[in-house]
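Please have the model open while I talk.

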Amino acid sequence: MSKKAKIILDESEHELPVVTGTEGEKAIDIRQLRNRTGYVTLDAGYMNTGSTTSDITYLDGEQGVLRYRGIPIEELAEKSTFVETSYLLIYGKLPTADELERFSSLLTYHSMIHEGMRHFFDGYPSRGHPMALLAAMICSLSAYYPDSLDPNLNTDTHITRLLSKIRTIAAFGYKKSIGQPIMYPRNDLSYCANFLYMMFAVPAEPYDPDPDVVQALNTLLILHADHEQNCSTSTVRMVGSSNANLYASISAGICALWGPLHGGANQAVIEMLQDIEDSGGDPRKFMNEVKDKASGRRLMGFGHRVYKSYDPRAKVLKSMADKLLAKLGVDDPLLDIAKNLESIALEDDYFVERNLYPNVDFYSGILYKAIGIPTDMFTVMFSLGRLPGWIAQWKEMMEDPSRKIGRPRQVYTGENARRYVPLDQRA
Ligand code: CMC
C-alpha cells in the first residue's frame with residue numbers, strides 16, 4: 001500500500017500522497033491541498049519546499065555528498081573534463097567518443113560572437129561590473145538568434161552556442177576593461193585552454209596555456225557545474241517556465257548568482273581576506289567580530305543552506321589550492337589567513353553549533369587569483385561553471401509534459417478594503 005500523509009484541518013482529515021525519490025528522499029505532494037482544503041503552505045525562502053522532481057543532481061547536505069547524474073563529483077573532478085561533464089549533465093549520460101568529438105567540435109564551431117556585438121563592449125564603462133555585462137550580453141544573444149524565441153525549436157544548437165560563446169563574452173569583456181585588443185578564439189585549443197588564451201594572450205607574443213592551469217580550470221568549472229535547486233537555478237526554471245527563451249532564462253540566472261549570499265561570495269571572500277591582511281592579519285579579531293551579531297559581519301565562504309557538514313567541493317579545492325600555488329610558485333598570504341580562519345572556525349562553538357563549514361567559495365577565489373583572474377570576475381567564472389547545470393535544469397523542465405508556469409501563492413497581511421481619499425481630504 002502506498003504511503004499517505006494525513007492532515008487535520010477544521011476537524012476534517014485529508015490524505016495527501018507521499019513521493020519518494022531514488023535515494024529515499026521523502027516529500028508530501030501538496031499540489032491538491034488548496035483545491036481540497038482552501039489552505040496554502042507558507043515557506044519563506046523555500047526552506048522546506050521541493051519545487052520539482054529532478055534526475056540531474058543528488059545532494060545530501062548531512063553526509064556531504066554531491067553527484068551529477070549519479071557520478072560523485074570527486075570522481076568527475078579527477079577524471080573528467082568540463083566539456084564531458086557538461087554533456088553528462090545536459091544529456092543525462094557520459095558521451096561516447098563520437099558524441100564527445102561532435103559536441104566538442106560544435107563548441108569550437110560556435111565560439112565567435114557576431115561582430116555587431118563587439119560594439120557593446122566599446123560602449124560599456126570599463127569599470128562597470130563584469131556580471132552586468134555578462135547578463136546583458138547573454139540576454140542580447142536572443143536578439144541575434146531570433147529562432148530561440150520559440151523555446152521548442154532547435155534547442156541543441158542554442159545550447160552549444162551558449163556554452164561556447166559565454167567564455168568568449170567573458171574574455172572579451174575583460175580585455176576591453178583593461179584596454180587590450182580582444183583576442184579571437186583559436187580552434188586548435190580545448191575549451192578551457194581557449195578561454196585562458198582569450199583572457200591572457202596578447203597579439204605581440206606567443207602564448208601557450210600552462211597544462212596544470214588548464215586542468216585546474218577544468219576542475220574548478222566541474223565543481224561548480226550544478227547544485228540542484230538553488231537561488232539561480234530556481235530563477236532559470238522560474239523564468240523559463242513562462243516560455244521565455246533559453247538566453248533570457250540564463251541571463252536571469254546570472255543576475256541571481258551575482259548576489260554575495262550566492263555566487264558573489266567568492267569575490268566577497270577575497271575582499272574579506274584582503275581586509276584582514278591589510279588590517280594586520282589577525283584572524284581571531286575578525287572572528288570575534290563575526291560572532292558579534294551587532295557587527296553585521298559574516299564569515300564569507302562559510303555556511304550553506306543545505307550542507308550541514310564539509311562541502312565536498314571545498315574539500316577538493318582546498319587540496320588543489322596547495323598544489324597549484326606550489327606549482328605556480330605563488331606565495332599568497334591570503335591562503336594562510338583562510339586556513340587559519342578555517343581551523344579557528346572548526347573548533348569554535350559558534351560555528352560548530354550552527355554547522356558552519358567552508359563552502360565552495362572559500363578556496364575558489366584563491367585559485368582564481370593564482371590563475372590571474374581579477375577579483376571582480378570571480379562570479380563570472382562561477383557563471384561559466386554553472387552554465388551546463390542551468391541548461392540541464394532548463395531542458396529538463398521544458399521537456400516535462402506536466403510543466404506549469406511558476407506562480408507561488410502568498411498570505412496577504414495588508415489593509416482590508418478601504419476607500420480612496422482625495423488629496424485635499426488626507427490628514
Ligand atoms: N558567518 C557567520 N554566521 C553565519 C554564517 C556565516 N557565514 N552563515 C550563517 N551564520 C549564522 C547565522 O547568523 C544564523 O545564526 P543564528 O541562528 O544565531 O541567527 C545561523 O548561522 C543560520 O544562518 P542563516 O542565515 O539562517 O542560514 P541560511 O541557510 O539562510 O543561509 C547562507 C545560508 C549561505 C546564505 C549563509 O550561511 C551565509 O550568509 N554565508 C556566507 C555567504 C556565502 O558564503 N555564500 C555562498 C554559499 S555557497 C555558494 C552557493 O551555492 O551559492
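F82 is buried, at 1% relative accessibility; buried means under 20% relative accessible area, exposed over 50%, and partly exposed in between, with a 1.4 Å probe and protein chains only. Y191 is buried too, at 7%.

Before going on: this is a predicted model, where local features need pLDDT of at least 70, side-chain atom pairs count only at pLDDT 80 or more, and totals for chains, interfaces and linings use all residues. Residues are numbered from 1 along each chain as its sequence is written, and side-chain values use heavy atoms, with hydrogens and water left out.

Now the pairs. Rings of Phe, Tyr and Trp (its six-membered ring) pair if their centres lie within 6.5 Å; planes under 30 degrees apart count as stacked, over 60 as edge-to-face and the rest as tilted. The count by this rule is 16 aromatic pairs. F82 and Y191 are tilted, because their ring centres are 5.5 Å apart and their planes stand at 55 degrees. F82 belongs to helix α3 (residues 82-91) and Y191 to helix α8 (residues 191-200), so this pair ties together parts 109 residues apart in sequence. Helices here are DSSP runs of H or I, at least four residues, numbered from the N terminus.

Next, F362 and Y363: with centres 5.1 Å apart and planes at 85 degrees, the pair is edge-to-face. Both residues are buried. Ring pairs join F362 and Y363 with F302, Y350 and F351 in a cluster.

Last, the charges. A charge sits over a ring if NZ of Lys or CZ of Arg is within 6 Å of the ring centre and within 35 degrees of the ring normal. R167 lies over the face of Y191, 4.3 Å from the ring centre. Over the ring of Y145 sits the charged end of R161, at 3.8 Å from the centre.

Notes:
Helix = DSSP H or I, 4+ residues; strand = E, 2+ residues; numbered from the N terminus.
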